[in-house]
Amino acid sequence: MEPSDFLRDVEKRMKPGVISLRGFLGDDARPLEEILAADDAAIRRLGLTHERIAERLAHFTHLALAGYGTPMREADFEVVADEARGYVRSPFGDLQRFRKGEIRLTNLATGDTLTWTPLLVHMIRNHGFYEGKGAVYRLDPDKVKRVLQL
Amino acid sequence: MPYLSPEERADNVRLSCCIRVRSDMELRIPEEILSLREYQTRVERVRDLTYDVREFRLVLVDPHEIPFRAGQYVNFVIPPYGDSPEPVYRAYSMSSPPGAKAALEFLIRRVPQGIATTFLFDHLREGDPLRINGPYGEFTLRPTDADVVMIAGSTGIAPIKSILDDMAQANSPRKVTLFFGVLELRDLFYRDVLLDIQKKLPNLTFIPALSRKAPQDNWDGETGLITDVLSRQVPGPSSAEAYLCGSPGMIDASIRVLHEKGITDDRIFFDKFA
């Protein structure tokens, strides 16, 4: 099936150097619609939804930002925000802007960590996109379920 | 309203390309816009201040001077390189005072995966050319006699240092309290520089604060969230002006404390790193 014009344009914007230095696809050779379909299937297999995952990430994002650089703790989780100057746009062409920076979460019980950006929370919720394999901020659905104890 | 943050919409900011003029309108064009231009510079010195903060010193080549007000910023023109095929523009505040027009200093922190800082840290070398344009910004000291509270987070100290240097050169008698917040002791840079400025400005009180203290840190200064430090140290009610530069989260939280101390929005000025 031919990719839609929309996804073709999105994929172009996901390439390195367009919005971010390393882009959003990593070394994933699959077309974007395959990446989306595969992660969608994984989420269903895990009994989760994109919305639920995004909601949990948003919660920790909000907690981390409240510490403005200081690690914040909630139950078995510690999160810290590393904010940078400026905003970044979504490669999906959404009209909102998103704060630059990254959120790092550590599951203190297991030592596992997740790192994501405020933009990624939006892309998961609105587009079911977890970034391509090998991308800097890729969140693998199985790992997300395990680390966040969903 | 696309492309505007919630804060901008609340501040009645609108994009000029998205509004319709239905009646007479008064436009205020800041005079400094007429003096905006591009400058060719040469990197004179690059100095590591911490593991992720560098000081860059640029000598003006053409023109050989740039007039600006303390607290303003310029845009760096980051050329195409590596995986970045197009030039990009990023704003950085001058940390040097306006009196030193022939060379500019900047304090820049590496942003993970950042297009601009990856170039600045990994590719730009002493002697290289760099284009900048400006100056821009209204984060400048207001010409009043009011006491001043300054709050800087990490490289947010840049425009504030420029303002303090400028005040020192003018022998300003204004009372200033500077809060400089960083995460840990290893992130605290420019301590000696700011202590030196304190000697030149007798009414400056410099209060560095660490968000957390590592066991091995030899530190008996303020520790904790900057908002807690402000709550302890800023007396209220206060008639001071406040100048803040740092991350949006830090600024928003600090402003809430300033409000509690009686400092109203008309006396709060910030550069929100956005």
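## Interface between chains A and B

In this predicted model, 26 residues of chain A are in contact with 36 residues of chain B, contact being defined as heavy atoms within 4.5 Å. The area buried between chain A and chain B is about 2,600 Å², and carbon and sulfur atoms account for 54% of it. Buried area here is the accessible area (1.4 Å probe) that two parts lose on being put together, summed over both. Leu21(A), Tyr68(A) and Arg85(A) supply 32% of the area that chain A buries against chain B, more than any other three residues.

## Polar and charged links

Between chain A and chain B there are 2 salt bridges, each requiring a side-chain nitrogen of Lys or Arg within 4 Å of a carboxyl oxygen of Asp or Glu. Asp82(A) forms a salt bridge with Arg109(B), with 2.5 Å between the closest N and O atoms.

Strand S2 (77-89) and strand S3 (97-107) of chain A each supply at least two residues of the side of chain A that touches chain B; strands (E, at least two residues) and helices (H or I, at least four) are DSSP runs, numbered from the N terminus. S2(A) gives the largest share of that side, 7 residues. By class, the side of chain A that touches chain B has 11 nonpolar, 6 polar and 9 charged residues. Ala, Val, Leu, Ile, Met, Phe, Trp, Tyr, Cys and Pro count as nonpolar, Asp, Glu, Lys and Arg as charged, and the others, Gly among them, as polar.

## Aromatic pairs

Over all chains, the whole structure holds 11 aromatic pairs. Rings of Phe, Tyr and Trp (its six-membered ring) pair if their centres lie within 6.5 Å; planes under 30 degrees apart count as stacked, over 60 as edge-to-face and the rest as tilted. The ring centres of Phe139(B) and Tyr243(B) are 6.1 Å apart and their planes lie at 65 degrees, so this pair is edge-to-face. Phe139(B) belongs to the loop between strand S6 (129-136) and strand S7 (148-153) of chain B, and Tyr243(B) to strand S11 (residues 241-245), 104 residues apart.

Both Phe139(B) and Tyr243(B) are buried, that is, under 20% relative accessible area, with exposed meaning over 50% and partly exposed in between (1.4 Å probe, protein chains only). Ring pairs also link Phe76(B), Tyr92(B) and Phe106(B) into a cluster.

## Asp39 of chain A

Asp39(A) is found in helix H2 (residues 32-45) of chain A and counts as buried because its relative accessibility is 4%. Not counting residues up to four places away in sequence, Asp39(A) touches His50(A), Gly128(A), Tyr130(A), Glu131(A), Arg138(A) and Pro141(A).

## Conventions

Residues are numbered from 1 along each chain as its sequence is written, while chains are lettered from A and ligands numbered from 1 in the order in which they are written. Local features of this predicted model need pLDDT of at least 70, side-chain atom pairs count only at pLDDT 80 or more, and totals for chains, interfaces and linings use all residues, with side-chain values using heavy atoms and leaving out hydrogens and water.
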